[in-house]
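Thanks for coming. I'll take one structure today and go through some of its helix packing, then a cavity. Have the model open while I talk.

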Amino acid sequence: MELLLPLVTFAFVASITPGPNNVMLSASGVAFGLQRTLPHLAGVSVGFLLLLVVCGSGVGAVLVEFPSAALALKAFGTVYLLYLGWRLRNALASRSGDVAARPLTFTEAVAFQFVNPKGWLMAVTAMSVFVPDWEPRWLAIGTVCSVFWIVNLPCVCTWAALGARLKHWLTDERRQRLLGGVLAVLTVYSVVAMWQ
C-alpha cells in the first residue's frame with residue numbers, strides 16, 4: 001500500500017501535536033495521576049476510532065459537501081474549547097476541600113470526540129485522502145482506522161504520561177498556575193490553528 005507511509009506520517013503529526021485531547025490528557029495526568037487518567041485515555045482512543053468509522057461511513061462526506069454544517073461544528077467546537085481553555089488556567093491549582101474534582105470518564109471522553117473540531121478534521125482528512133481504492137470498501141476503511149489507531153494511541157499516552165510525570169514537579173502553587181496557563185494557551189492555540 002503506497003499510502004501507508006504518508007498515512008503513518010499524517011497520523012503521527014496530527015496525533016502528537018497539541019490539541020484539545022492532548023492538553024486535557026496532560027492536565028488530567030497532572031491533576032489525577034496516570035492511573036486515574038486511564039479511563040479518559042481509553043475513551044479518547046476508542047472515541048476517535050469510532051469517529052474515524054463514522055467519517056468512513058459517509059458522514060465526513062456530508063461535512064465536505066455542506067460547508068455550513070462543517071462551519072457550525074467548527075463554531076460550536078471553538079466555543080467549547082475556549083470554555084475549556086478558560087477552565088484550564090486554574091485547573092491545576094491546589095484544591096483543598098474540592099471533592100467534586102475528578103478526571104473525565106470513559107464515556108465522557110468518547111462523547112468529547114464528536115464535538116472536538118481537531119478530531120473531525122483529522123478523521124475527515126484521513127478518510128478522504130488515505131483510504132485506498134480497495135474492494136471490499138470496509139476493508140480499506142478498516143485498514144486506515146487500524147493504522148491510525150496504532151499510531152494515535154502511543155501519542156495520546158505520551159501526553160497523559162507527561163502530565164503525570166510533571167505532577168511531582170508541581171508541588172508549588174506558582175508552578176501549578178504557570179502550567180495551567182500554558183495548557184490554556186495551548187488550547188487557544190489549537191482553536192486558532194483550526195481556523196487557519
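When I say contact, I mean heavy atoms within 4.5 Å. This is a predicted model, where local features need pLDDT of at least 70 and side-chain atom pairs count only at pLDDT 80 or more, while totals for chains, interfaces and linings use all residues. Residues are numbered from 1 along each chain as its sequence is written, and side-chain values use heavy atoms, with hydrogens and water left out.

Let's begin with α6 and α7. Helices here are DSSP runs of H or I of at least four residues, numbered from the N terminus. Met 122, Ala 126 and Met 127 in α6 meet Ile 141, Val 144, Cys 145, Phe 148 and Asn 152 in α7. By class, seven residues in this contact are nonpolar, one is polar and none is charged. For those classes, Ala, Val, Leu, Ile, Met, Phe, Trp, Tyr, Cys and Pro count as nonpolar, Asp, Glu, Lys and Arg as charged, and the others, Gly among them, as polar.

Helix α6 covers residues 117–129 and helix α7 covers residues 137–166; their axes come within 10 Å and cross at roughly 135°. Axes are lines fitted to C-alpha atoms, for helices over the stretch in contact, and angles run from 0 to 180 degrees between N-to-C directions. The two helices are therefore oblique to each other; under 35 degrees counts as roughly parallel, over 145 as roughly antiparallel, 65 to 115 as roughly perpendicular, and the rest as oblique. The crossing of α6 and α7 is right-handed, meaning the near helix is turned clockwise from the far one by less than a right angle.

In the loop between these two helices sits Pro 136. Its peptide bond from Glu 135 is cis, with omega near 0°. Most peptide bonds are trans.

Now bring in α2. Its axis and that of α7 come within 8 Å and cross at roughly 170°, which makes α2 roughly antiparallel to α7. That contact has 21 nonpolar, eight polar and one charged residues.

Against α6, α2 packs at about 40°, with the axes 10 Å apart, so α2 and α6 are oblique to each other. Among the residues in this contact are Phe 48, Leu 51 and Leu 52 of α2 and Trp 120, Met 122 and Ala 126 of α6.

Last, the cavity. What is the volume of the largest cavity? About 120 Å³. A cavity is a set of points on a 1 Å grid over the protein atoms alone where a 1.4 Å probe fits but cannot get out, and lining residues have an atom within 4 Å of a point. The volume is the space filled by probe spheres set on the points.

The lining has 16 residues, with Asn 21, Asn 22, Asn 116, Met 122 and Asn 152 nearest the centre. Helix α2 gives the most, with five residues. By class, the lining has six nonpolar, nine polar and one charged residues.

Key
On a 1 Å grid over the protein atoms alone, a cavity is a set of points where a 1.4 Å probe fits but cannot get out, and a pocket is an open set with protein on both sides within 12 Å along at least five of seven lines; lining residues have an atom within 4 Å of a point.
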